[in-house]
Amino acid sequence: MNCESIPSGSERPVGLVSLLFTLHFVSCGVTKLLIMNKSLGIILLAVGFTACQQQKVIESNKKMEIKTYPRSEKTAQKDEYFGTEVEDPYRWLEDDLAENTKKWVTAQNEVTNDYLNQIPFRESIRKRLESLWNYEKEGAPFKEGDYIYYSKNDGLQNQFVIYRKKGEDGKEEVFLDPNKFSEDGTTSLAGLSFSKDGSLVAYQISEGGSDWRKVIVLNAEDKTVVGDTLIDVKFSGLAWRGNEGFYYSSYDKPKEGSALSAMTDQHKLYFHNLKESQSSDELIFGGKELPRRYIGAGLTDDERFLVISAANATSGNELYIKDLADPNAKFITVVDNMEKNHSIIDNQGDKLFIYTELHAPNGKLVTVDFKNPQAGNWVDLIKETEQVLSPSTGGGKIFANYLKDATSLVKQYDKDGNLEREIELPGVGSASGFGAKDEDSTLYYSFTNYVNPGTIYKYEISTGKSEVYKKPKINFDPTQYESKQVFYTSADGTKVPMIITYKKGITLDGTNPTMLYGYGGFNISLTPSFSISNVILLEQGGVYAVANLRGGGEYGESWHVAGTKLQKQNVFDDFIAAAEYLISEKYTSADKLAIAGGSNGGLLVGATMTQRPELFKVAFPAVGVLDMLRYHKFTAGAGWAFDYGTSDDNKEMFEYLHKYSPYHALKKDIAYPATMVTTADHDDRVVPAHSFKFAARLQEYHKGDNPVLIRIDTKAGHGAGKSTEMVIAEQTDKWSFMFQNMGLGYREIK
């Protein structure tokens, strides 16, 4: 469910669970690569685009033809849930290894490509996107040992390259080039972790977008390989213990069936000694003795304490700690239940700093002595506020990054909890990256919003002074565009925020092509972020709107819970109300409105297009959770039950899921929006069977001239690590499909 393997924006610190359950919600384009925890480093990508001049208009194709949809065989598969029989005629598409599934995928792609090839401005959009992408991008630096490391892309490289230099004025050299991992750019860097002294580095690679990773260790000085290459690592950070080795997490690789779809249920934490083979790695936590679905480890900055987070769902975690300075020490339980989210963010000697949502749905920071770390001994350090808290540390300080109506507000505290200053940000938007080592005197953060490309700032911790460190060298004038936050009313009277972006001076007459984007789940907050891809819409006079739906984390735990289980319909109602607001306020009309979302957002699009098909002209459900009766049967899907519930829970939960499940909610002889379902053959988070089955039934039931297609990437996964070439191709097809089906044509811009 990431696009990236770590959600971007102002994430909430839910312990290591946030690392383990990653969700895809790219805001119609790539804006950041990764925002990693301290053990992984920080890689931020700034984006932007060049100035433009209007050229000729290419009209849409008035005579579009679509081949006959591929035949999707139906079987007599039926399942019984609490006395109700449910047909599942496309169950066979769940077998991603079967020859008939592979043939179906090939046939569907042929039909989709044939349709897209008929769009007369498709190549013009591709060229425009390529020109927008083609500028140097550089990420925020981070210091390891004697070197400063940073990521950089010269423009159209498929993957960002890791560079380094000794000191600010040192000679630049390539440290790690993921473009050389594979010829086609589909093997990507998925994590980077240095030992404390910077002499060793372990990096993860993802092949074809899979969540199954390999880990390679290098001597950082001469870049020679050290010891074993680890295989079959999944949902894991890498936490070094001195230069001896590191902790990592994984599941047993499925022995039967497909490793891309089989359930992965028992996470295990291991320690890998660099002098030993992976087969000798010591099991530290988990397994049959203590089965947990998600387990992650981290060390405090002084490497004294090993901290373990354990969970069975994507919300709520247990917390354990062990004093590594004592060879006879055993794990001490800090939190013994999974009702709330907690994480240890720092220590000063025996004093632990803990982020918690216990009795604080918006989060707070507490301290406690590690010898008696249970909740009854916690002392408030930074109390809960009306804004949602996301704390980090650096330079001996605490940075409290708050969400204020889905935008950033950052305050700096000392370790005694005294407020030192509110950090003056460049504007209203998203600020991220307020983390550094204890000994650092400066840190680097990134700031962006929907009209301002990401810019990296250097921040002096002692004075609070910020200065521009890296700004994209592009010809783009943000002052020509504006973002406006509005609050609209949902079906039950709840006020929901939405940010609407467009070129200044557009006429609100209901004719503007509009993309409405949403997510609404898993405590994830959608904060303002610039997208190269959205330029294609904005410079054509279009409108881009992002609704901050319930189910997300914008207003804390209560906002999240209000969009879960038997309240999930609130999320869909919020999205539908956003669409109705855009229409009633004359931003657009039903004939000019598209909706998009990925992963849990793909469920959002699937549910709303089946509930209100007349409200939207175009729909883009991407890598969606679309079969709500069986989602928990695949990979780590059972861990999503906190948000969804499961069809096995009870009759009420089954009936609720069955009613809105997009695959089951499709009805015969209904005119659905022009739809392009997107997925990938290596998506082992939200398995492609969801999209396959939904597309097959949509093609069977749909009535009308709107095309209903599925676009299936090969050698790709849930979204993270896609090559630049693949991203541009996907975005090209999205905008081409949207403009064609709205009858817009395309004004060439160079």
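Modeller: Contact means heavy atoms within 4.5 Å. Leaving aside neighbours within four places in sequence, Ile 506 is in contact with Asn 512, Gly 541 and Val 543. This is a predicted model, where local features need pLDDT of at least 70 and side-chain atom pairs count only at pLDDT 80 or more, while totals for chains, interfaces and linings use all residues. Residues are numbered from 1 along each chain as its sequence is written, and side-chain values use heavy atoms, with hydrogens and water left out.

Colleague: How do you know how far the mean pLDDT of the protein reaches?

Modeller: pLDDT is the predictor's confidence in each residue, from 0 to 100. The mean here is 89, and 90% of the residues reach 70 or more. Residues 1–54 fall below 50. That stretch still has 241 contacts in the model beyond near neighbours in sequence. Where pLDDT is low, predicted coordinates should not be read in detail.

Colleague: Where is Ile 506 found?

Modeller: Ile 506 sits in the loop between β34 (495–503) and β35. Strands are DSSP runs of E with at least two residues, helices are runs of H or I with at least four, and both are numbered from the N terminus. Ile 506 and Gly 541 are 35 residues apart along the chain, yet their C-alpha atoms are separated by 6.9 Å.

Colleague: What makes β37 and β38 a pair?

Modeller: Two strands pair if DSSP finds at least two bridges between them. β37 (residues 593–598) and β38 (residues 618–622) have 5 bridges, in the parallel sense. Ala 594 stands opposite Val 618 in β38. α7 (residues 600–611) packs on the sheet and touches β37, β38 and β39 (674–680).

Colleague: In what order do the 8 strands of the open sheet run?

Modeller: The order is β33-β34-β36-β35-β37-β38-β39-β40, with mixed pairing. β33 (481–489) and β40 (708–713) are the edge strands, each pairing on one side only. The twist averages 20° from one strand to the next. α12 lies across β35 (514–517), β37, β38, β39 and β40.

Colleague: Why is one side of β21 and of β24 left without a neighbour in the sheet?

Modeller: β21 (342–348) and β24 (379–382) stand at the edges with a single partner strand each, so one side of each has no neighbour in the sheet. This open sheet has 4 strands in the order β21-β22-β23-β24, and its pairing is antiparallel. The twist averages 35° from one strand to the next. β23 (residues 364–369) joins β24 over 3 bridges. Leu 365 stands opposite Ile 382 in β24.

Colleague: Why are α3 and α12 called oblique to each other?

Modeller: Angles run from 0 to 180 degrees between N-to-C directions, with axes fitted to C-alpha atoms, for helices over the stretch in contact. Under 35 degrees is roughly parallel, over 145 roughly antiparallel, 65 to 115 roughly perpendicular, and the rest oblique. α3 (residues 122–133) and α12 (residues 724–741) pack at about 135°, with axes 9 Å apart. They are therefore oblique. Among the residues that meet are Ile 125, Leu 129 and Trp 133 in α3 and Val 727, Trp 735 and Phe 739 in α12. The contact divides into 7 nonpolar, 4 polar and 4 charged residues. Nonpolar covers Ala, Val, Leu, Ile, Met, Phe, Trp, Tyr, Cys and Pro; charged covers Asp, Glu, Lys and Arg; the others, Gly among them, are polar.

Colleague: What makes α2 and α11 oblique to each other?

Modeller: The axes of α2 (residues 99–117) and α11 (residues 689–701) cross at roughly 60° and come within 12 Å. α2 and α11 are therefore oblique too. Thr 101, Trp 104, Val 105 and Gln 108 in α2 meet Phe 692, Ala 695, Ala 696 and Gln 699 in α11. By class that gives 5 nonpolar, 3 polar and no charged residues.
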